[in-house]
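This report describes selected features of one protein model. Please consult the sequence and structure shown below while reading.

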Amino acid sequence: MRYCPEYCIEVPDDFPVEELTTFMAAARSVLLQPEKGPEWREFAGATNLIGWRYRASTEDWTIYKDCWLQNGPAVNHETLYRRQRALFGMFTSGVSCVESATYALAALASHPGVASIRFDSQRQRDCSPARLRNWIEGKPKAQNLVEQLSKLCTSEDWKLWIDLRNRMSHRSNLPTIVRGAVGGAPPPAKALEFAATSSTPPLAGDLDLFDTLHVWLASTLKSLLIAGTDLCGDGR
């Protein structure tokens with residue numbers, strides 16, 4: 001963990017602190033000059049969530065990993081509950097991190113000195129990476145952000161984040177596969193082994209299967225923050 005001056009809290013080591021700091025300075029040079037406008041309220045709330053949700057996602061994944069390493073596959077219902085809760089928190093907070101960054105970028109782009117897009121109450125409710133990409137396409141200084149949002153929207157990693165978040169939010173837990181054997185030892189258990197559901201694929205792998213999802217999350221967030229800085233252009 002390392003300290004993030006913007007949030008005055010510790011954040012995971014791979015959180016893009018430097019890119020966030022540069023992005024916030026660029027945004028303030030636009031949104032706070034000559035005074036705070038309505039864009040700042042929406043922007044400030046969303047940017048605060050970026051770091052909070054990133055840390056929460058990382059902490060929940062660490063809880064799952066530690067539980068697996070300490071207890072292995074043979075656990076009681078109480079421990080299984082804790083693991084499922086940790087996975088739910090990981091994916092819910094991870095998706096929220098990207099969505100709050102998207103919302104902050106939309107609020108920034110709505111400023112007359114940036115891209116002057118419409119960001120009324122209806123658009124605030126409908127904001128998503130795909131919609132923001134469409135709203136800013138063709139705007140001056142927005143090319144990098146359009147490219148990064150396009151990469152995000154077509155990413156298989158993002159699709160998995162969304163699908164697992166949605167599944168665990170209001171459909172069901174991920175169904176854990178339990179293996180046994182007759183007349184011999186069961187096959188080695190995997191840390192992550194879940195059956196397919198009506199909306200998610202089967203998953204099987206060791207802990208690095210989801211470690212790579214956090215690598216993707218850090219890289220994607222970093223790219224979005226850099227593109228947001230570019231969006232401010234001469235306002236920096």
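## Basis of the description

Helices (H or I, at least four residues) and strands (E, at least two) are DSSP runs, numbered from the N terminus. The model is predicted, and local features need pLDDT of at least 70, side-chain atom pairs count only at pLDDT 80 or more, and totals for chains, interfaces and linings use all residues. Residues are numbered from 1 along each chain as its sequence is written, and side-chain values use heavy atoms, with hydrogens and water left out.

## Backbone features in loops

Cys-8 lies in the loop between β1 (2-4) and β2 (9-11). Although Cys-8 is not a glycine, its phi is positive, at about 60°. With a relative accessible area of 53%, Cys-8 is exposed (exposed means over 50%, buried under 20%, partly exposed in between; 1.4 Å probe, protein chains only).

Lys-141, in the loop between α5 (129-136) and α6 (143-153), also has a positive phi, near 70°. Its relative accessibility of 37% makes Lys-141 partly exposed. Pro-34 is placed in the loop between α1 (17-31) and α2, and the peptide bond from Gln-33 to Pro-34 is cis, with omega near 0°.

## Aromatic pairs

The whole structure contains 11 aromatic pairs (rings of Phe, Tyr and Trp, its six-membered ring, with centres within 6.5 Å; planes under 30 degrees apart count as stacked, over 60 as edge-to-face and the rest as tilted). One of them is the tilted pair of Trp-61 and Phe-210, at 5.5 Å centre to centre and 55° between the planes. Trp-61 belongs to helix α2 and Phe-210 to helix α8, so the pair ties together parts 149 residues apart in sequence. Both Trp-61 and Phe-210 are buried.
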